Amino acid sequence: MKLIEIEPHFWELYQDQQQLYLSVSVDNSAVTYNWDLHLTAQQIEAYQRQGRDSIVELAKQVVAAVFRGDFSFMQQHEATAAEKAAMFAAFKQWREAQKPD
């Protein structure tokens, strides 16, 4: 698992072989929701064609769904506990690499 794109304090995109994962933080002032999702084949294809813009749009869709109270997409595509642990480990590794020597 590797962190390949990031919008700090909003979303992170991870890759594990051919599979992509998106971690999105949604802050509605009372509660912050964090969703770790595995992307569908269609979403991966959109990323390959459109790059970062497709992820920005997907993250916005997740935020809009949360504010509507519609968690169905997130629940259907939620990463497993093992995938979430790998994402967290990749984030820690990325963060350590960002520190000055």
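**Notebook: salt bridges, a sheet and its helices**

I started with a salt bridge: Arg 49 pairs with Glu 45, and their closest N and O atoms are 2.9 Å apart. For my own record, a salt bridge here is a side-chain nitrogen of Lys or Arg within 4 Å of a carboxyl oxygen of Asp or Glu.

Before going on, I noted that this is a predicted model, where local features need pLDDT of at least 70 and side-chain atom pairs count only at pLDDT 80 or more, while totals for chains, interfaces and linings use all residues. Residues are numbered from 1 along each chain as its sequence is written, and side-chain values use heavy atoms, with hydrogens and water left out.

**Entry 1: the salt bridges**

Back to the pair I began with. Arg 49 and Glu 45 sit four residues apart in helix 1, which puts about one helical turn between them. Helices here are DSSP runs of H or I with at least four residues, strands are runs of E with at least two, and both are numbered from the N terminus.

Are the two partners buried or exposed? I looked up the cut-offs: buried means under 20% relative accessible area, exposed means over 50%, and partly exposed is in between (1.4 Å probe, protein chains only). Arg 49 is exposed at 56%, and Glu 45 is partly exposed at 45%.

How many salt bridges does the structure hold? I found six. One of them joins Asp 70 to Arg 68, with the closest N and O atoms 3.8 Å apart. Asp 70 is partly exposed at 31%, and Arg 68 is exposed at 59%.

Another joins Glu 78 to Lys 84, with 2.7 Å between the closest N and O atoms. Glu 78 has 33% relative accessibility and counts as partly exposed; Lys 84 has 28% and also counts as partly exposed. I also noted a network of salt bridges that links Glu 5, Glu 7 and Arg 52.

Four of them make an open sheet in the order 1-2-3-4, with antiparallel pairing. Strand 1 and strand 4 are at the edges with a single partner strand each, so one side of each has no neighbour in the sheet. From one strand to the next, the twist averages 15°. Two strands count as paired if DSSP finds at least two bridges between them. As background, strands of a sheet pair through backbone hydrogen bonds, either parallel or antiparallel.

Which residue of strand 4 is the bridge partner of Tyr 21? I found His 38 there. Ser 23 stands opposite Asp 36 of strand 4. The two strands form a hairpin with four residues between them, and in the turn Ser 29 has a positive phi of about 75°.

**Entry 2: helices 1 and 2**

Helix 1 (residues 41-50) lies across strands 1, 2, 3 and 4 and runs at about 90° to strand 3. Helix 2 (residues 52-68) packs on the sheet too, touching strands 1, 2, 3 and 4, and its direction makes about 45° with that of strand 3. For these angles, axes are lines fitted to C-alpha atoms, for helices over the stretch in contact, and angles run from 0 to 180 degrees between N-to-C directions.

Gln 43 is in helix 1 and counts as buried at 17% relative accessibility. Leaving aside neighbours within four places in sequence, Gln 43 is in contact (heavy atoms within 4.5 Å) with His 38, Leu 58 and Phe 73. Ala 64 lies in helix 2 and is partly exposed at 34%. Ala 64 and Val 26 are 38 residues apart in sequence, with their C-alpha atoms 9.4 Å apart in space.

**Entry 3: helix 4**

I checked the length of helix 4 (residues 81-98). At 1.5 Å a residue, its 18 residues should span 26 Å, and the end C-alpha atoms are 26 Å apart, which agrees. The expected span is 1.5 Å times one less than the number of residues.

Which residues of helix 4 are buried? They are Glu 83, Met 87 and Ala 90. Seen down the helix axis, they fall within an arc of 65°, so they line one face of helix 4. That arc is taken from the directions from the helix axis to the C-beta atoms. The buried residues of helix 4 pack against strand 1 (2-7), strand 2 (11-16), strand 3 (19-27) and strand 4 (32-38). On the face turned away from the buried side of helix 4, I found the exposed residues Ala 81, Ala 82, Phe 88 and Gln 93.
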